[in-house]
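Please describe this protein chain for a student who is meeting a structure of this kind at the start of a course.

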Amino acid sequence: MRFMMIVKANKDTEAGVMPDEKLISAMTKYNEELVKAGVLLDGSGLQPSSKGARIKFSGGKRTVIDGPFAETKELIAGFWLWQVKSREEAIEWLKRAPFDGGTEVEIRQVFETEDFGEAFTPELREQEERIRAQAAKKK
């Protein structure tokens, strides 16, 4: 099972305040533990929303809305993508993260191919596998 850990933004992350050396060191150690355990698939911090944009889709119309975005509690400061056996295992790993100061992290399970049922036909599955293989080659 894959899970995404969504690190919520706060006033500091939205202001572009970078973590200090102590937190970077602790996070690096934590990420190494995740890699050694075969849990970590990917992860990164995100730039503040002031450097981002949103695209609103309405019928055939596309509207670009430049950041920053007001609702900090709804913004993301970073993420991990983990491969674990269960939601409970993800929670246990996340409890060990070197956060404090009110940091909030949301855990969301990623859909797997089999979750789409009959609508995801063998032809569509094959096409999706080709696309993923092509994308992996470009990394």
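In this predicted model, four strands form an open sheet in the order S2-S5-S1-S6, with antiparallel pairing. Strands, as runs of E with at least two residues, and helices, as runs of H or I with at least four residues, are taken from DSSP and numbered from the N terminus. Two strands are said to pair if DSSP finds at least two bridges between them. Strand S2 (40-45) and strand S6 (105-109) stand at the edges with a single partner strand each, so one side of each has no neighbour in the sheet. From one strand to the next, the twist averages 15°; axes here are lines fitted to C-alpha atoms, for helices over the stretch in contact, and angles between N-to-C directions run from 0 to 180 degrees. Strands of a sheet pair through backbone hydrogen bonds, in either a parallel or an antiparallel way.

| Strand pair | Bridges | Example of bridge partners |
|---|---|---|
| S1 and S5 | seven bridges | Phe-3 and Trp-82 |
| S2 and S5 | five bridges | Gly-43 and Trp-80 |
| S1 and S6 | five bridges | Ile-6 and Glu-106 |

Helix H2 packs on the sheet, where it touches S2 and S5, and its direction makes about 25° with that of S5. Contact, here and below, means heavy atoms within 4.5 Å.

Which residues touch the most other members of the largest nonpolar core? Of its 18 residues, these are Met-5, Tyr-30, Leu-34, Trp-80, Trp-82, Val-84 and Trp-93. The elements that give two or more residues to this core are strand S1 (2-8), helix H2 (21-36), strand S5 (76-83) and helix H3 (87-95). A nonpolar core is a set of buried Ala, Val, Leu, Ile, Met, Phe, Trp, Tyr and Cys residues that are joined through side-chain atoms within 4.5 Å. A residue counts as buried under 20% relative accessible area, as exposed over 50%, and as partly exposed in between, with a 1.4 Å probe and protein chains only. In soluble globular proteins, nonpolar side chains tend to be buried together.

Tyr-30 is found in helix H2, and with a relative accessible area of 3% Tyr-30 is buried. Not counting residues up to four places away in sequence, Tyr-30 touches Trp-80, Trp-82, Trp-93, Leu-94, Arg-96, Ala-97 and Pro-98. Tyr-30 and Leu-94 are 64 residues apart in sequence, while their C-alpha atoms are 9.9 Å apart in space. Trp-93, again leaving aside neighbours within four places in sequence, is in contact with residues including Glu-33, Leu-34, Ala-37 and Val-39.

The largest pocket holds about 1100 Å³ of space, and among its 35 lining residues Thr-13, Pro-19, Leu-23, Ala-77 and Phe-99 lie nearest its centre. S1, helix H1 (11-14), H2, S2 and S5 each supply at least two residues of this lining.

Ser-58 has Lys-61 in S4 as its bridge partner. Strand S4 (residues 61-66) is hardly covered, since the count of buried residues among its six residues is zero. Pro-68 is found in the loop between S4 and S5, and a cis peptide bond with an omega of about 10° joins Gly-67 and Pro-68. Most residues other than glycine have a negative phi, and most peptide bonds are trans.

Another loop, between S6 and helix H4 (122-137), contains Gly-117. Gly-117 is partly exposed, with a relative accessible area of 34%.

The chain as a whole has four helices and six strands, and 22% of its 139 residues count as buried.

Residues are numbered from 1 along each chain as its sequence is written, and side-chain values use heavy atoms, with hydrogens and water left out. Because the model is predicted, local features need pLDDT of at least 70 and side-chain atom pairs count only at pLDDT 80 or more, whereas totals for chains, interfaces and linings use all residues.

Note on methods. On a 1 Å grid over the protein atoms alone, a cavity is a set of points where a 1.4 Å probe fits but cannot get out, and a pocket is an open set with protein on both sides within 12 Å along at least five of seven lines; lining residues have an atom within 4 Å of a point. Grid points are joined across faces, edges and corners, and a volume is the space filled by probe spheres set on the points.
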